[in-house]
Amino acid sequence: MQTILEINNISKQYRSVLALNQVSLTVQQGMVFGVLGPNGSGKTTLLSIILSSVFPTSGTYSWFGSHSEAEARKKIGTLLEKPNFLPNLNAVNNLKMVANVKGVPFDKISDALKKTGMYDRRLSKFSTYSLGMKQRLALAAVLLSDPEVLVLDEPTNGLDPQGIVDIRNLIIDLSKSGKTILLASHMLDEVEKVCTHVAILKSGKLVGSYEVGTTHDSSIKIEIGASDMTVLGSYLKELPEAKDLKKVNGYYLFTAHTDFDLASLNKKLLEQGIAVNHLRKIMPNLESAFLSATGGTQ
Amino acid sequence: MIHLLYNEWIKASHKISTWLMLALYIILTPVIYFIFQNFTVNIQGDDLKVAEAFLFNIESVWEITTFFSSYLVWLFVFIIVSITADDLRHNIWKQHVIEGLNRNQLITSKIVLILILAFFGSLITGIVACITLLDSGVVFVMADLKVILDISARYFLYLTAIMILSLLVVILIKSSGLTIIMLLGWFWIAEPIIRWIDKSEFTQYLFANSFNDLITNPISKLMELPDFQLASEHAIIATVVWIGVILGLTFLKVNKSDL
């Protein structure tokens, strides 16, 4: 599998603020790679660096294994949180500028506008568009050059529910067609729904990297209740596999390794005369992985 | 480069201010010259129009038109500053870089636009001078061609230098209004004050004076007043050096800063 993007130990310092701290990532062809992190975690800075609009303080990156940056960027489509177009120009003229930079013939502009539902408003000034329309125009700019890679920075921010669904479906469609996608977002469900891989950033540091849909974490949570909670509590305190034991909503909750055997636990408790009336295994998901990595609480 | 220039054309041609500034230049260049020609001066008790009082030849006509047109350079500065400030305010440079341009191309396309505007300005001024010559019946001889080319080249260099300076200032300040105020403040207030305080040769080579001295002051020349200007070759060399320094700083700033 071809390596599309390789980031090696990138750091970015803004005066006293360390926005990125030694971040390394590798994105392979066909991945939908999510960069997840709370606001201010360095996601946009990381994307700005790999798109050459911001210089790293240290570290390197390479697209498509080459160092010819400008040519590499022509193969990349970007959809940013705030689309950058000239407000006094209409959609056609704004796209003509994009086509000129990308080296794409102008006759592709109509198709891109039709695909994104912007054709009827093609002659209106950009300043008259709603945020959703602005994003659609940015999408048209992306589709214009049929890029191999898409870089999306919080693409659904500020969009209405239909706009969010449209963008999400587009990401899924593009990934099915073999495009490599790099998506920065602070929205867990967005990342979980569309991404194949995810990296978690916190305060500029990479704190986790997972494949979505597989176990992100080597631990699971067990929720357990019994008719006699005092005896159950005493037993669990002595159980070496039960970590972080606490009482939540009338049940005991503890962390155990993913291969922890519930049937065996139930059997042992019965042997101790403890009648279990509630037993639930909570599988780790992206949310728990994210919270565990960023130190948040559920 | 052609496609980048086409982008500059799209940006410039869709701004009303661009057309307004160009129209003002085309209108004001002959109007100012016409007003000057009809200005009355008192010579030995007689009130005479300038055109009647002095013997006009090709050189003086060309010098007068370029001298008065040079005050209109700010119209071109406004075009460059306004387009560049728009690019910076709306993150168009950042977007162009993301889409695949390198930073040197951003500057180069602006420099080419400046050269085109400077050529346009020189051409209009030249056309006005030609019309005036036809009207006054001055006879053209081939030797005059060298004079015309020399004055026009210095005017072209003057326009180019001031626009390139304005490009650097707007990149640093990112505000069109403030850039023009600062440039006007420097050219008309700050540098004249510095030169008034410090009359050494060094201050003669400050950039505003170097640029201004490319344009011969025809009034001093006609009135046979003492000439305080730099010699033409010195002004040309100083301006070329300043252009080099300003361009160097511009490329350095754009290549070393985050967008």
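## Model and numbering

This is a predicted model: local features need pLDDT of at least 70, side-chain atom pairs count only at pLDDT 80 or more, and totals for chains, interfaces and linings use all residues. Residues are numbered from 1 along each chain as its sequence is written, while chains are lettered from A and ligands numbered from 1 in the order in which they are written.

## Where the chains touch

Chain A brings 21 residues to the contact, and chain B brings 23 residues. Two residues are in contact if their C-beta atoms, placed from the backbone, lie within 7 Å.

On the chain A side, α2 (69–73) and α3 (91–102) each supply at least two residues. The most comes from α3(A), with seven residues. Helices are DSSP runs of H or I, at least four residues, and strands are runs of E, at least two; both are numbered from the N terminus.

This side of chain A has ten nonpolar, seven polar and four charged residues. Ala, Val, Leu, Ile, Met, Phe, Trp, Tyr, Cys and Pro count as nonpolar, Asp, Glu, Lys and Arg as charged, and the others, Gly among them, as polar.

## Domains of chain A

Chain A is assigned domain 1 (3–211) and domain 2 (219–282). Such bounds come from an automatic or database domain assignment. The C-alpha centres of these two domains lie 45 Å apart.

## A hairpin in chain A

Strands β11 (residues 243–248) and β12 (residues 251–257) of chain A pair in the antiparallel sense over four bridges. Pairing needs at least two DSSP bridges. A:K246 has A:L253 in β12(A) as its bridge partner. Two residues lie between the strands of this hairpin, and A:N249 takes a positive phi near 55 degrees.

Of the six residues of β11(A), zero are buried (20 or more other C-beta atoms, placed from the backbone, within 10 Å of a residue's own). The strand β11(A) therefore lies largely in the open.

Methods. Buried ≥ 20, exposed ≤ 12 C-beta atoms within 10 Å, placed from the backbone.
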